[in-house]
Amino acid sequence: MIRLMRWRCDFRWVVLFLLGLIWAIGLSSISIAAFASTPADRLTEQGRTFYSDRQFDQAVNRWQQAEQTYEQQGDRLAQAQTLAYLSLAYQQLGQWPQAQAAIDHCFDLLENTDSQDERSQILAQALNIRGRLEFSLGQSETALATWQQATAVYQQRSDRVGVTGSLINQAQALEAIGLSRRACVTLLEALEISSSCDRADFANLEFILNRLQAQPDLQVQALGFRNLGNVLRLVGYFEQSKQVLERSLSLQVNAATLLSLGETDRSLYEQAKNEADRFRSNENRNAVKARAEQALSYYQQAIDAAQTELQQIQVQLRQLSLLLDLQQWYRSIDAASDAETLQLQIQPLLNALYGGDALNQLPVSQAAIAARLQIAQLLQVQQPTTATEQLQLLRTAVQQAQELGDPRSISAALGSLGRFYEQTGEAANVQQAQQQTEQALNIAQAQQAWDLAYRWQWQLGRLYAAQGEPDRAIAYYQAAIETLEVVRSNLLALDAEVQLSFRSDVEPVYRELAALLLANPTQANLKLTVETIEGLQVSELENFLRCNLSRTVAIDRDQIDSETAIVYTILLPDRLSVILNPLHSDQLYLYTQAIATRELNATVRSLREALQNEDAILPERLALAQQAYDWLIRPFHAVLHDSSVQTLVFVLDGALRNIPMAALHDGQHYLIEDYAIALTPGLQLLQAQPLQARLDAIGFGLSEARLGFTPLAYVPAELEEIKAEIPAQIRLNQQFTSAAFRDVMLTSPASIVHLATHGSFSSVLRDTFILTWDQRLNIDNLSNILRSRDEGTTDPIELLVLSACQTATGDDRAALGLAGVAVRSGARSTIASLWSINDEATAELMQQFYQFLAEERSTLSRAEALRRSQLALLSDPDRQSPYYWAAFVLVGNWL
């Protein structure tokens with residue numbers, strides 16, 4: 001239990017907060033004149049004094065006497081209020097059954113009381129106290145519901161002080177459940193600060209911090225800073241999160257804040273791991289170790305500061321999971337000795353968790369049951385031979401959940417037991433696994449616990465697949481994905497911190513379903529595979545951007561050029577599958593290449609390095625480009641020819657997104673010589689509209705060196721060439737500050753926005769940005785500026801051009817950043833460069849591109865205009881290398 005509450009009383013009918021705010025409204029008091037006139041009143045008064053002095057046993061003694069006297073007098077309201085006080089004191093003494101009995105008796109009396117005004121006053125206080133009891137017992141969700149009832153009663157009474165206190169209580173429950181964003185919103189609402197606690201809102205972070213710091217109660221400040229620090233972590237602002245959490249810790253040292261700091265350092269550890277995997281240097285590997293050690297240090301401090309056995313166990317589980325993750329990472333980089341050294345820390349901690357008495361001595365609660373399930377899961381990973389211990393933990397969890405009568409806990413325990421039986425791999429246990437999982441699913445669906453339901457649907461899909469029943473397996477996988485969409489939509493909208501891990505909890509569902517469908521590639525199954533691939537693409541983008549994306553309900557094929565074909569790719573562990581969909585027909589075509597993902601990634605990485613190297617040896621580069629062509633295009637030669645396809649639109653998976661399809665080679669020609677080419681994250685995100693007849697542009701650029709980036713000498717010429725072809729306004733260097741950019745975009749009706757400046761696309765959200773004169777604009781700020789024009793004009797941005805950007809070297813998922821910018825900008829199409837090239841060549845290509853658009857705008861698509869401009873450079877003997885022209889890709893609407 002996080003003991004943050006402090007109780008202060010005066011003798012009025014309503015509770016007053018110390019200096020206007022206290023933690024929770026629990027111990028209310030009544031004025032001396034109204035309340036100290038009888039012996040029972042004086043006993044109640046003495047009990048409050050003892051309680052304030054933390055002499056809880058003496059407070060119990062006085063209140064027991066007072067309660068008996070009120071009962072004899074038939075004063076039900078005073079008796080009910082005194083029972084609520086008794087429950088508080090019993091809670092402080094850890095006498096939970098007595099606390100429960102007292103608050104239950106209090107509510108029994110209130111149900112039989114006629115005086116509504118006085119009843120509602122005591123009812124609100126009793127609800128707060130009941131919520132505190134539930135919270136102390138680890139029943140955070142139940143406590144939240146109770147405190148919400150208290151808020152409603154206070155609102156009916158127009159009691160602003162009461163509303164504030166109960167909202168603060170709600171914020172604590174939300175934080176304990178893991179809903180830190182809602183906790184942040186609720187706490188700031190209590191303090192009358194309007195905020196949605198999302199990424200965009202943190203542009204005003206200093207304002208929120210100042211308002212919090214102005215709160216007179218230091219505990220409110222500490223809780224506010226902790227909530228805010230948690231949310232900053234969850235939306236990706238890790239360094240700011242750490243700074244804010246350190247401010248909270250400076251005000252109040254407690255296990256909750258130390259745990260939050262550990263979680264933020266753990267996020268920084270995950271970030272360091274990603275960078276180490278990208279750059280593979282000793283320096284990056286040392287950074288991983290340092291971040292892990294810092295997180296483990298905070299976890300240990302949180303364990304030492306924990307005030308209950310349950311809280312201690314919960315932090316130990318986080319500590320153990322980090323140690324296991326670090327050990328696994330060491331093994332993946334062949335650092336076996338480091339992995340073995342960690343085992344010396346892991347084994348004692350694991351033994352203490354499942355071999356000690358602490359777990360068995362915990363009061364039965366949702367949190368205690370969840371701890372048992374986590375320990376069983378960790379045992380499965382670390383010590384799969386301890387099947388007996390795992391089974392005992394899981395069976396005890398089921399039994400305790402049933403005793404508690406909590407449907408969510410019952411579902412979680414039964415589903416986990418089903419997972420245990422599934423993982424034994426024994427045929428005799430399959431029926432047990434299926435039975436337990438079906439029960440868990442039925443309960444989860446009845447409770448609308450969709451985050452559990454999707455897991456059990458997925459589990460049943462795996463079980464039926466293992467039994468050779470693909471149709472039933474596919475049905476459960478489809479149900480899991482439908483449920484998962486609901487779960488992720490709610491989580492992304494409300495609480496980024498409870499986002500499921502994309503790599504372990506989301507992506508496998510889609511890929512496993514695709515593999516099942518492709519095992520029997522009927523036309524119906526291929527259509528379902530295409531839907532699955534599109535769903536995976538959108539989910540990955542939403543996970544990267546940490547937001548929901550608007551999806552097109554259906555594409556009107558009459559709006560799309562019938563000479564277009566969509567090429568879908570999906571990477572499975574042992575193969576690459578490619579599906580061709582010529583849009584003039586409903587026929588789908590499949591080609592599968594047996595190849596391990598690691599081998600494919602290595603080939604793609606080598607091809608990317610060869611393409612962006614101006615001096616790459618021609619035969620080696622062409623061999624790699626032909627290999628990729630053989631995977632993606634050659635199997636469909638005849639279909640493409642017979643269908644008279646002119647444009648290829650690729651929905652690319654994984655590392656394939658980092659190579660330009662234009663540079664694929666058939667041994668005679670580059671692919672761009674035969675087809676116009678575009679990329680899309682999926683037709684679900686497509687705004688299929690031809691170019692407007694009116695074309696005009698607003699161009700921004702940097703030619704001078706800024707903020708450590710090199711000068712781009714040909715940018716002025718590039719922007720002037722645009723102006724020569726279509727009407728355009730130009731803003732260069734000092735005219736391209738972030739503020740000026742925002743002001744111009746707010747009112748500009750231009751259909752094309754051209755940004756000739758440095759930028760980077762990365763799989764790490766914070767490393768995706770464009771450069772202005774005075775700062776880097778991250779993806780959120782860029783999106784806000786580009787979308788701000790919606791307030792001043794109804795004209796959409798038809799085309800966003802980013803002519804001097806690049807994707808991060810060595811990052812197999814870097815093109816997510818490019819797709820993210822394309823989608824979040826609101827532009828119907830985006831043209832960007834995958835690598836930084838000679839800016840003179842960029843100016844030449846852009847001049848050609850705008851010339852083709854201007855001359856043939858009524859008949860020429862965006863994709864064809866880009867193709868012709870690339871071919872113009874390819875025909876120049878000095879620009880024939882793909883280094884000069886292949887980097888430019890069109891994302892989104894190709895029409």
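This is a predicted model: local features need pLDDT of at least 70, side-chain atom pairs count only at pLDDT 80 or more; totals for chains, interfaces and linings use all residues.

Reader: Okay, how many helices and strands does the chain have?

Author: The chain has 35 helices and 13 strands, where helices (H or I, at least four residues) and strands (E, at least two) are DSSP runs numbered from the N terminus.

Reader: And what share of the residues counts as buried?

Author: Of the 895 residues, 59% count as buried; buried means under 20% relative accessible area, exposed means over 50%, and partly exposed lies in between, with a 1.4 Å probe and protein chains only. The chain exposes about 35000 Å², of which carbon and sulfur atoms supply 46%, with areas taken from the Shrake-Rupley method with a 1.4 Å probe, and for residues only the protein chains shown count as cover.

Reader: What about contacts between residues at least 24 apart?

Author: Among contacts between residues at least 6 apart in sequence, 68% join residues at least 24 apart, a contact being heavy atoms within 4.5 Å.

Reader: Switching to charges, how many salt bridges are there?

Author: The count comes to 26 salt bridges, each being a side-chain nitrogen of Lys or Arg within 4 Å of a carboxyl oxygen of Asp or Glu. Side chains of opposite charge can pair when their charged atoms come close.

Reader: Which helix do Glu270 and Lys273 lie in?

Author: Both are in helix α13 (residues 255-279), 3 residues apart, which is about one turn of the helix, and their side chains meet in a salt bridge at 3.3 Å, N to O. Glu270 is partly exposed at a relative accessible area of 30%, whereas Lys273 is buried at 11%.

Reader: And which residue forms a salt bridge with Arg462?

Author: Arg462 pairs with Glu422, and their closest N and O atoms are 2.8 Å apart. This pair links distant parts of the chain, with Arg462 in helix α22 (residues 450-466) and Glu422 in helix α20 (residues 407-424), 40 residues apart. Arg462 is buried, with a relative accessible area of 17%, and Glu422 also counts as buried, at 19%.

Reader: Where does Arg455 in helix α22 find its partner?

Author: The side chain of Arg455 meets that of Asp505 in a salt bridge of 3.5 Å, N to O. Here too distant parts of the chain are linked, since Asp505 is in helix α24 (residues 502-518) and Arg455 is in α22, 50 residues apart. Asp505 counts as buried at 15% relative accessibility, while Arg455 is partly exposed at 27%.

Reader: Which residues are linked in a network of salt bridges?

Author: Glu239, Lys242, Asp265 and Arg291 are linked in one.

Reader: Back to α24, are α24 and α25 roughly parallel or antiparallel?

Author: Helices α24 and α25 (residues 523-545) pack at an angle of about 165°, with their axes 9 Å apart; the axes are lines fitted to C-alpha atoms over the stretch in contact, and angles run from 0 to 180 degrees between N-to-C directions. The two are therefore roughly antiparallel, because angles over 145 degrees count that way, while those under 35 count as roughly parallel, 65 to 115 as roughly perpendicular and the rest as oblique.

Reader: Which residues meet there?

Author: Phe502, Val506 and Tyr510 are among those in α24, and they belong to a set that meets residues of α25 including Leu526, Thr529 and Leu536.

Reader: New topic, where is Ile677, and what does Ile677 touch?

Author: Ile677 is found in strand β5 (residues 676-679) and counts as buried at 11% relative accessibility.

Technical notes: Residues are numbered from 1 along each chain as its sequence is written. Side-chain values use heavy atoms; hydrogens and water are left out.
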